[in-house]
Structures are given as C-alpha cells and as structure tokens.
Amino acid sequence: MVDNGNRSRRRLSRVTGLRPPLPQPPPQEPDDDNGTETPSRPSRLRRAITRMSELSQGSKVVIGLVVTTLVTGVTTAVFSSFSSTITDSIRPGPEIRVAVQVERFGPGGSFALPSTLPGNPTSFPIGRVDDLLRDARGAPVSVLDVRLIFEGNRNQAVTITDITAHILRRNNPLSGTLLTWPSQGSDTNLSACMDISAPAPIVMSRPENGSCTGAEQPYFLDHHIDLKLGEQYVTNIRVDANPGRPVGYYEWEFIVHAVVAGTNVTIPVRYNGLPFAVTSSADNYLARYGGDYSFFTRH
C-alpha cells in the first residue's frame, strides 16, 4: 500500500529542486561606523583625517598670509613712526649747521695788535689789513659784531635754548699797535648782545635804545627757535668788552645749546676754525695808525 502523503512530499521536493536559485543581493559595504574599511572605500575615520589634513594645509596658507600682512603692517607703522629718528641717527654733521659772518672792520672803527708791525712802516695799503690781523692775531677794540646763521640738519625739529660763550683765553688788553678808521656806525639789524667780560657770558636781548649797554634780559626768554631740516634762523650779536667791567683781551667760542628729540646737545661755533677775539682799549700803544680806506699812516 502506497503512502499518498509521502509521495506528495517527494514530488514537491523534486519540483522544488528543479527551480533555479534565487538571485543573491549584492554584498553590503561594511558599515563605516565599525571602523573597518575596504580597498575600494576608505573608512569614515580616514576620510575625516584626510579632510582635516587638507584643511590644515589651507589654514597654514591663510595663517601665513595673515601673519605676513600683520608683520608687514606693523613693520610699516614702526618704520613710519621712527623713520625720522633712524634717518637722523645716520645723517652726517651736527644737529645744526652754523655759518658765521664777522664785520670786517668792526663798528668801533679800530683794531689792536699784540706787537708793532714788521719794519715799523710809515704807511701800508688797506689791502694788507686782513693778513696782518690774521697773522698777528689782532682783535677789534671794544666790540665785535657777529652774524650767526643757523640751519636745521635733522628731520625732527631742533630747538635752540641758549647761546653762551666758552672763554678760551683771557689776558691783558692788546697794546702793541692800534689801527683806527672812521666808525661804521650802528648795525640796525642788531638783535642780541653779549658782555664777554661777564662772569658767565650769555646772549642777551638788545635794549630798546639800540645800545648793548644795560642789556639785562636773556635773549631766549622771549625768543623761541625751532628748526626743521633746511630751515634757517639769523641772529646778529654784538659782543662787547665792556670797559665798565674788568678790561682784557678775550678769545672764545660760542656754545649753542639745543634739544633734539628730548636730548640736550651742545654745538661749539668758531670763525674759520679759529676762536673769536675782542680786546678792551689799552692805556698806551707802541704804535698808532690811522686809515682812510686806501692807506694806513703812522701817527
């Protein structure tokens, strides 16, 4: 006897075994979250690292540009702020250039020499005067008019605060030879005075009467002199060997006191490399000559 139930199951098994296999789904990519990766696809972690690396390189460029810009800006600002100081520190010459002019014959109309002239000439041409005065170290009698022309030699303003005299030599009045000629009169451009026989000679303001006698106010109490590069200022000083003070022969150099960028500086000033000189009148002279602007003749 045949078991119909078993036969049915066997038939079903044979029919089922004849069916083609069902298509399989494609393999799934591993989940990146588990930290694994395949050759065809890097993990999320590696991709993140790569992006961070690329971002880091870009950031470096940006940061470099920013730093370069900041450094350039700061450098420019610093250089702009201190360019005047830097330039001044390497600029040659003194902080103030000073040109000197001296009245050739002097307003007093006389010069004195320390000795007699070689050969005791009875006369000589006026053209020899300059050489005689230079070679014999002569000096004007009583007064000397000096023009000082100041010129700024720094980008930063230079402020002149005073002008004094540094006495290099003080002696008895020159009494060898006296040369006289008509007086030149008073210099209407005179702006300042200095009593060279004072204990500490400084430049004083010229009194309203035009004479240096009685000058009592220091010049820089009412004068303010600031000089920038190339700017000029002129002052005319009458130096007086005042007979009312101790008489004598004086050699000196001017000392210009100034302030540059908060620093005090002093600048010595001479005439053609030599000290300035003036002498008081002497009681007696070994020889006297009078001039008429052509010749000097012995009296």
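**Exercise 1. Strands β15 and β16**

In which sense do strand β15 and strand β16 pair, and over how many bridges?

Solution. 
Step 1. Read the source of the coordinates. This is a predicted model, in which local features need pLDDT of at least 70 and side-chain atom pairs count only at pLDDT 80 or more, while totals for chains, interfaces and linings use all residues. Residues are numbered from 1 along each chain as its sequence is written, and side-chain values use heavy atoms, with hydrogens and water left out.

Step 2. Apply the terms. Strands (E, at least two residues) and helices (H or I, at least four residues) are DSSP runs, numbered from the N terminus. Two strands pair if DSSP finds at least two bridges between them.

Step 3. Find the pairing. Strand β15 covers residues 287–291 and strand β16 covers residues 295–298; they pair in the antiparallel sense over 3 bridges. Gly 290 stands opposite Thr 297 in β16.

**Exercise 2. The partners of β12**

Which strands pair with β12, and is β12 enclosed or open to the outside?

Solution. 
Step 1. Strand β6 (residues 158–171) pairs with β12 in the antiparallel sense over 12 bridges. Here Ala 165 stands opposite Phe 254 in β12.

Step 2. Strand β13 (residues 263–269) is joined to β12 by 7 bridges and runs antiparallel. Ile 255 has Pro 268 in β13 as its bridge partner. The two strands form a hairpin with 2 residues between them, and Ala 261 in the turn has a positive phi of about 50 degrees.

Step 3. β14 also pairs with β12 in the antiparallel sense, over 4 bridges. Trp 252 stands opposite Phe 276 in β14.

Step 4. Buried means under 20% relative accessible area, exposed over 50%, and partly exposed in between (1.4 Å probe, protein chains only). Of the 12 residues of β12, 10 are buried, so β12 is largely enclosed by the rest of the structure.

**Exercise 3. The surroundings of Leu 144**

Describe where Leu 144 lies and what it touches.

Solution. 
Step 1. Leu 144 lies in strand β5 (residues 143–152). Its relative accessibility of 5% makes Leu 144 buried.

Step 2. Contact means heavy atoms within 4.5 Å. Leaving aside neighbours within four places in sequence, Leu 144 is in contact with residues including Val 102, Ile 237, Trp 252 and Phe 276.

Step 3. Take Phe 276 from that list. Leu 144 and Phe 276 are 132 residues apart along the chain, and their C-alpha atoms are separated by 8.9 Å.

**Exercise 4. The largest pocket**

What is the volume of the largest pocket, and which residues line it nearest its centre?

Solution. 
Step 1. On a 1 Å grid over the protein atoms alone, a pocket is an open set of points where a 1.4 Å probe fits, with protein on both sides within 12 Å along at least five of seven lines; lining residues have an atom within 4 Å of a point. Grid points are joined across faces, edges and corners, and a volume is the space filled by probe spheres set on the points.

Step 2. The largest pocket holds about 560 Å³ of space. Its lining has 20 residues, and Phe 111, Leu 133, Arg 134, Gly 138 and Tyr 271 lie nearest its centre.

Step 3. α3 gives the most to this lining, with 3 residues.
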